[in-house]
Amino acid sequence: MTEEQLINQKFIIKGGNPLFGSVKLKGAKNAIGKIMIASLLTEEEVILSNVPLNGETEIAVEFCRHIGSEIIRQADKIRIKTPEIKNFKVEGLSRRNRLSILALGPLLARTGEVEVPMVGGDKIGARPVDFHIAALEKMGAEIKIKDTTIIATTKGLYGSSVVFPYPSVGATENTILASVLAKGRTVITNAAIEPEIIDLIKFLQKMGAIIELGSNRQIFIEGVEKLSGVEHKILPDRLEAASFAVMALATNGDILVEDAVQEHLIAFLNTVRRLGGGYEVKPDDGIRFFRKGPLQAVHIETDTYPGFATDWQQPTAVLLTQAQGNSIIHETVFEDRFGYCDDLKRMGADIEIHPKCLGGLACRFQGKLYNHSAVIRGPRPLKGTSIEMKDIRAGMAHIIAALVAEGQSEITGLEHIDRGYENIDGRIKDLGGDISRVDLN
Ligand code: UD1
């Protein structure tokens, strides 16, 4: 479906049904695009499975085809082969997400020059790319920014020591992608170590890269001459896992989230237990979520992995509107990630947003005027309303709020949710939720 068609659709949700049953996780939205970009590092064929059929994958396919990839798709499999880089200029494409900047490394390695648009993605803060650019410059790239285009050239990338001021996911991935074919050894200090980054590393290692994981957020990469085609299964989406878990707890239902990986969800599971939720880790097939008693207020601070993910924050906030007492969320990853709370307030939630750090984690936003802490008083009944989604995770918060609310909600902005979640309405319907997708008239 095109973005234009999605803009002309809305969800109608009638709240109140508890959600029951089982749902299988799709491949991680935050891994698929990067792994497709990584496939540009070889001329040989790469075969990917467990590919999510969401907007993020569509953007990555469009992007790689434009560069010269031959792509064959069959259900959740993608075969991708890039014998030749036909276009090192990527105009206009991919302003909708953050992939284009990650193509700098692979395209510099293969052609020595590249032009990509400045990145887009969810509007959750300034989202600068200064760490990416500084790392690539240190590795021998010359980078100019002209209006909204990044122009990079190199006579050859070489290994270097890259120290990040903050463990950025994208900048860590970019540096890894640039260094696997660079001359010599790269050391990344203060790297991000999210499961999607480890999946990218596993993929690159199978292709022939030499990458070591040090202790204390260090990653060591020894450049190699050539990488080969491989097969790879995309890891399950831990952010989707938390969304379904919250649906079970918020609607007082019981959902088995198949393929959920405990190791990826440790901080989330601790929060579930603290707030009175129950979970059962199944030996083979995922994690079941249910309520154990009344929901209780909790204090959450978002952080880089292995901390509580910033992308879990929004659905969890909806859950906290239903918990007894005053909950606190301190958002330390993005400075502007509570915009969706205005909609929750219109639905009846009692939420106050503060610029102060409400928590003890070292936070880059301390003393600045960013509204990055929330106090949520509960429980409060929610009532249905009309909402426009503005980003992926906020969109999920809106959907869950509508599933909990009394009455009917109408939600527009489906292009956001469909970028991050495959067939979200169909899967919620299968769990017993009253949701339908209709054309706007
Ligand atoms: C990725 C995820 C996103 C998730 C986020 C944090 C994808 C496609 N998106 O986004 O879902 O919420 O990680 O887990 O994987 N920063 C700078 N300069 C830079 C780069 C980042 O200051 O050059 C700052 C950002 O503004 C932000 C923080 O670092 O405050 C973390 O950003 P980063 O980890 O880079 O997030 P993304 O990779 O964009």
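**Note on side-chain contacts and the ligand site**

1. The side chains of Lys226 and Glu44 form a salt bridge, N to O 3.3 Å (a side-chain nitrogen of Lys or Arg within 4 Å of a carboxyl oxygen of Asp or Glu). The partners are 182 residues apart: Lys226 sits in the loop between strand E12 (218-222) and strand E13 (231-233), and Glu44 in the loop between helix H2 (29-38) and strand E3 (46-49). Helices (H or I, at least four residues) and strands (E, at least two) are DSSP runs, numbered from the N terminus. Lys226 is exposed at 54% relative accessible area, while Glu44 is partly exposed at 33%. Here buried means under 20% relative accessible area, exposed over 50%, and partly exposed in between (1.4 Å probe, protein chains only).

2. The model is predicted, so local features need pLDDT of at least 70 and side-chain atom pairs count only at pLDDT 80 or more, whereas totals for chains, interfaces and linings use all residues. Residues are numbered from 1 along each chain as its sequence is written, and side-chain values use heavy atoms, with hydrogens and water left out.

3. The salt-bridge count comes to 22. One of them joins Asp254 and Arg288, with N to O at 2.9 Å. Asp254 lies in strand E14 (residues 254-258) and Arg288 in strand E16 (residues 287-291), so this bridge ties together parts that are 34 residues apart in sequence. Arg288 is partly exposed, at 24% relative accessible area. Asp254 and Arg288 also belong to a network of salt bridges with Glu280 and Lys282.

4. A local case is Asp343 with Arg346, a salt bridge whose closest N and O atoms are 2.9 Å apart. Both residues lie in helix H11 (residues 341-346), 3 residues apart, about one turn of the helix. Asp343 is buried at 9% relative accessibility, but Arg346 is partly exposed at 42%.

5. The whole structure holds 7 aromatic pairs. Rings of Phe, Tyr and Trp (its six-membered ring) pair if their centres lie within 6.5 Å; planes under 30 degrees apart count as stacked, over 60 as edge-to-face and the rest as tilted. Phe268 and Phe289 have ring centres 6.3 Å apart and planes at 65°, so this pair is edge-to-face. Phe268 is in helix H9 (residues 266-274) and Phe289 in strand E16, 21 residues apart.

6. Phe268 also pairs with Phe308, in a tilted arrangement with 6.3 Å between centres and 35° between planes. Phe308 lies in the loop between strand E17 (299-301) and helix H10 (313-320), so the pair ties helix H9 to a part 40 residues away in sequence. Phe268 is buried at 2% relative accessible area, and Phe308 is buried at 4%. Ring pairs link Phe268, Phe289, Phe308 and Trp312 into a cluster.

7. What surrounds the ligand? The shell has 20 residues, the closest being Asp130, Ser168, Val169, Asp311 and Val333 (a residue counts if one of its heavy atoms lies within 4 Å). Oxygen atoms of the ligand lie 2.7 Å from a polar backbone atom of Val169 and 2.6 Å from one of Val333. A backbone N or O atom of Pro128 is 3.3 Å from a ligand oxygen. The protein covers 90% of the 750 Å² of accessible area that the ligand has on its own (Shrake-Rupley method, 1.4 Å probe). Helix H2, helix H5 (130-138) and helix H6 (169-179) are the elements that each give two or more residues to the shell.

Notes
A polar contact is a pair of N or O atoms within 3.5 Å; within protein, one must be able to donate a hydrogen and the other to accept it, and residues adjacent in sequence count only if both atoms are side-chain atoms.
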